[in-house]
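Please look over the sequence and the model before reading on.

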Amino acid sequence: MTISEKSDLRKGSSDNIAVEIQNLNKHFDDVKAVNDLSFKINKGEIFGLLGPNGAGKTTTIKMMIGLLKPTSGEIYVGGYNVRKDLNKIKELIGVCPQHAAIYKFLSGRENIELYGNLHAVDKKVLKERTNELLEAVDFTKQSKRKAKKYSGGMLRQINMLMALIGDPDILFLDEPTVGMDARVRRKTWEFIGSLKEKGKTVVLTTHYIEEAEALSDHVAIIDFGELIDLGTPKGLMEKHNVEDLEKVFLKITGRRITEGL
Amino acid sequence: MNLQRTMALLKLELKKMIRDPTFLFSLILLPVILTLAFGLAMSGTSTTSNPDISIFEFMVPGIYGFTSVYIVMTVAMAFTDYRKEGLLDRMNTTPTTFGEFIGSHIITNVLISLLQVAIITVLALIFGFQIRSAGFFLAFVFIGFLSISSVGFGLISATFAKSSGAAVGVSMIFFMPQMLFGTWIPMSDATQVVAMFFPIYYSTNSIQMIFSGVPLTEITIWINLVVLAIYSIAIVIVGTLIFKRFGKA
């Protein structure tokens, strides 16, 4: 795909909204995994989906990227309807799944380049962009080793870079820092923060309070598949008159986000 | 079909074959071992029907077929592993089409099969195997189509198997009958009828005819090729549709 064709696709989004969800429901038999969820995500913002394990965050993301069909409701990504225009959406997005989906017999660099080729990135650009991404997370040295020799944290770093190699407009990061040590997690936060400066829209699921507070412009707090509150981290804390998002969650549900982890 | 994507997927699968010891053994070492074992054991004994041809020479088309239908297992294992590790889901979020993905697997496995035929042939020459006609090269065409059917059966197996261990078991449904009815085991008239339900029969039967010196004007060879081609393409289409519908998640 040429740059001009890609620009045309971006015209699918007519206003400042990158993602819009309308009355979204997902039922697995009699379990309501997502229940009447509605929200909008602005272009160029980092949007956090915060909630405990099993809250429905991953199910919501999977519906946004077309891996799960909603029971009802509509999703628009980049102005395109997920049900009707999924192929166009795939040109606009990068996805970092919760579990590192990486070919273990390839090196980190080969995994990134493979996904660049799947996004039809020009060969010369691909090499430059791969080097830039690896340098940005201090991974250049280890990038030629086979992925099967990587630690869990290293796999997650490559997992994220694979999502970025196609230079997506909208990035879906599902629990991107799980399994990373504190130093790498901080580094990754800086990196995710820098994506915003490049105009990317980032949809981030997390159950780390600190992560949601540090990175998100807006946070949707989800529990049992329902949206329980939405706002800026600061706005939510002020609204509920507490010092952090954990206490916001505690105040609304009577439970802690980290319970059961 | 995007060429850059298809080539990238093709390279990926070839790297997997080379770097994964399981696949390297199944696809390269197994044919070597089989050819050496049968060559040592059978190359000195002539067939009863033609004293110029050793039993080993008669078995060579069966060895080609055996290694090609073994692909059923490797494809079934690969797809169940990819699914379990979330690689299929991830691939599904890129602009890659299912056709490009399956197409790359078909091309890879056809190439591997042709390489296997070449390896088996070269080793067989050491044990007295003779190339008696220019029609020998048709063996590559028959085995190419047979490997396509194996990819199809592999996809069907992967649809129903939930793990790579189960994939081996499920793929036996397609592997065992083909091994019994289409390799080197002599068949009665009754078993020959059963064998006609499996693609390997058309491959082994025709290659044996060609290797025995039957002229290429023999219509059975060409009928077998057409049947095998239609059968293989139909199976890979059915396998792709079933896997796409029921096996991806």
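The model is predicted; local features need pLDDT of at least 70 and side-chain atom pairs count only at pLDDT 80 or more, while totals for chains, interfaces and linings use all residues. Residues are numbered from 1 along each chain as its sequence is written, and chains are lettered from A and ligands numbered from 1 in the order in which they are written.

**Chain A as a whole**

Chain A contains 10 helices and 10 strands; helices (H or I, at least four residues) and strands (E, at least two) are DSSP runs, numbered from the N terminus. The radius of gyration of chain A is 18 Å, close to the 18 Å that the globule rule gives for 261 residues, so chain A is as compact as a globular protein of that length. The radius is taken over C-alpha atoms, and the rule is 2.2 Å times the number of residues to the power 0.38. Along its principal axes, the C-alpha trace of chain A spans about 50 × 40 × 35 Å.

Of the 261 residues of chain A, 48% count as buried. A residue is buried if 20 or more other C-beta atoms lie within 10 Å of its own, exposed if 12 or fewer, and partly exposed in between, with C-beta atoms placed from the backbone. Among the contacts in chain A with a separation of 6 or more, 67% are between residues 24 or more positions apart. Two residues are in contact if their C-beta atoms, placed from the backbone, lie within 7 Å.

**The sheet of chain A**

An open sheet of 6 strands in chain A has the order β6-β7-β8-β3-β9-β10, with mixed pairing. Strands of a sheet pair through backbone hydrogen bonds, either parallel or antiparallel. Here two strands pair if DSSP finds at least two bridges between them. In chain A, β6 and β10 (226-231) stand at the edges with a single partner strand each, so one side of each has no neighbour in the sheet. The pairings are listed below.

| Strand pair | Sense | Bridges |
|---|---|---|
| β6(A) and β7(A) | parallel | 4 bridges |
| β7(A) and β8(A) | parallel | 5 bridges |
| β3(A) and β8(A) | parallel | 5 bridges |
| β3(A) and β9(A) | parallel | 4 bridges |
| β9(A) and β10(A) | antiparallel | 5 bridges |

Individual residues mark these pairings. A:Phe172 in β7(A) is the bridge partner of A:Val95, and A:Thr201 in β8(A) is that of A:Ile170. A:Gly48 has A:Leu204 in β8(A) as its bridge partner, whereas A:Phe47 stands opposite A:His218 in β9(A). A:Val219 faces A:Gly231, which lies in β10(A).

Strand β3 (residues 46-50) of chain A is mostly covered, with 5 of its 5 residues buried. From β3(A), A:Ile46, A:Gly48 and A:Leu50 point one way and A:Phe47 and A:Leu49 the other way. Strand β7 (residues 170-174) of chain A is likewise mostly covered, with 5 of its 5 residues buried. On one side of β7(A) are A:Ile170, A:Phe172 and A:Asp174, and on the other A:Leu171 and A:Leu173.

**The nonpolar cores**

A nonpolar core is a set of buried Ala, Val, Leu, Ile, Met, Phe, Trp, Tyr and Cys residues joined through C-beta atoms within 7 Å. The largest has 80 residues, of which A:Val19, A:Met64, A:Val77, A:Phe172 and A:Val203 touch the most other members. Helix α6 (residues 152-164) of chain A gives the most to this core, namely 8 residues. A second, separate core of 58 residues includes B:Leu34, B:Phe142, B:Leu155 and B:Leu228. Leaving aside neighbours within four places in sequence, A:Met64 is in contact with A:Val19, A:Ile75, A:Val77, A:Val82 and A:Phe172.

**Contact between the chains**

At the interface, 19 residues of chain A are in contact with 19 residues of chain B. On the side of chain A that touches chain B, α3 (86-92), β6 (93-96) and α4 (108-118) of chain A each supply at least two residues. The largest share of that side, 4 residues, comes from α4(A).

**A loop residue in chain B**

B:Met196 lies in the loop between α9 (189-195) and α10 (199-211) of chain B. B:Met196 is partly exposed, with 14 other C-beta atoms within 10 Å. The C-alpha atoms of B:Met196 and B:Gly182 are separated by 9.1 Å, and these residues are 14 residues apart along the chain.
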